[in-house]
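Biologist: I would like to go through this model with you term by term, asking each time what lies behind the word. Please show it first.

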Amino acid sequence: MDQRVSLITLGVADMVVSAAFFKALGWQEVESPDGVVAFDLIGQTLGLYPIAALAEELGIPVEQLGRGAVTLAHNVRSKEEVAPLLAQAEAAGGKIIKPAQDVFWGGHHGYFADPDGHLWEIAYNPFSRLRDDGAFRWTGYE
């Protein structure tokens with residue numbers, strides 16, 4: 001198996017609200033089948049799918065899906081980009097969980113929750129520089 005995440009699917013309560021949230025962040029929706037909203041990312045895709053349909057597909061009660069301890073990170077090129085992106089997420093309907101701040105290991109980050117409670121980190125990591133096209137890898141790019 002290749003070391004890759006191709007699709008991140010978020011189970012959401014309201015497709016219209018969730019799609020509007022990501023569009024308010026400036027993301028562009030791509031054509032997809034009915035019942036799915038998709039946003040192509042750099043090297044992968046974020047999909048939104050009704051949480052009830054996701055539970056049905058998995059064959060489990062929707063209550064069992066709950067809210068997992070997962071965060072999704074969006075890394076940026078500079079410390080100064082973190083706070084404005086958190087503000088943009090809040091203006092789009094997200095909730096700030098942790099405001100932008102320096103981290104003990106030398107980075108700078110903050111967290112927000114999207115309308116369905118998925119946790120997102122906006123992070124600047126000086127040790128994991130992004131490639132020119134925005135690609136991320138743990139050891140960074142020169």
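Biologist: How many bridges join β3 to β4, and do the two run parallel or antiparallel?

Modeller: β3 and β4 are joined by 4 bridges and run antiparallel, and since two strands pair if DSSP finds at least two bridges between them, they count as a pair. One of the bridges links D40 to T45 in β4. β3 and β4 form a hairpin with 4 residues between them, and G43 in the turn has a positive phi of about 85°. Strands here are DSSP runs of E with at least two residues, helices are runs of H or I with at least four residues, and both are numbered from the N terminus.

Biologist: Before we go on, how far can the coordinates be trusted?

Modeller: This is a predicted model, in which local features need pLDDT of at least 70 and side-chain atom pairs count only at pLDDT 80 or more, whereas totals for chains, interfaces and linings use all residues. Residues are numbered from 1 along each chain as its sequence is written, and side-chain values use heavy atoms, with hydrogens and water left out. The chain averages a pLDDT (the predictor's confidence in each residue, from 0 to 100) of 88, and 96% of the residues score at least 70. Confidence is lowest in helix α3 (residues 62–65), at a mean of 79, and highest in helix α4 (residues 82–91), at 97.

Biologist: What makes β5 and β6 the edges of their sheet?

Modeller: The open sheet of 4 strands has the order β5-β8-β7-β6, with mixed pairing. β5 (71–76) and β6 (95–102) each have a single partner strand, so one side of each is left without a neighbour in the sheet. β6 pairs with β7 (residues 108–113) in the antiparallel sense over 5 bridges, and K98 has Y111 of β7 as its bridge partner.

Biologist: Why is the pair of F21 and F22 called edge-to-face?

Modeller: Rings of Phe, Tyr and Trp (its six-membered ring) pair if their centres lie within 6.5 Å, and planes under 30 degrees apart count as stacked, over 60 as edge-to-face and the rest as tilted. The centres of F21 and F22 are 5.1 Å apart and their planes stand at 85°, so the pair is edge-to-face. F112 and W120, in contrast, form a stacked pair, with 6.2 Å centre to centre and 5° between the planes.

Biologist: How do you know whether F21, W120 and V16 are buried or exposed?

Modeller: Buried means under 20% relative accessible area, exposed over 50%, and partly exposed in between (1.4 Å probe, protein chains only). F21, with 0%, is therefore buried, and W120 counts as buried at 7%. V16, in helix α1 (residues 15–24), has 65% and is therefore exposed.

Biologist: Which residues touch the most other members of the largest nonpolar core?

Modeller: A nonpolar core is a set of buried Ala, Val, Leu, Ile, Met, Phe, Trp, Tyr and Cys residues joined through side-chain atoms within 4.5 Å. Of the 21 residues in the largest one, L10, F22, L48, F112 and W120 touch the most other members. The largest share of this core, 4 residues, comes from α1.

Biologist: What makes R137 lie over the face of Y141?

Modeller: A charge sits over a ring if NZ of Lys or CZ of Arg is within 6 Å of the ring centre and within 35 degrees of the ring normal. R137 lies over the face of Y141 at 4.2 Å from the ring centre, and R131 lies over the face of Y141 at 5.1 Å.
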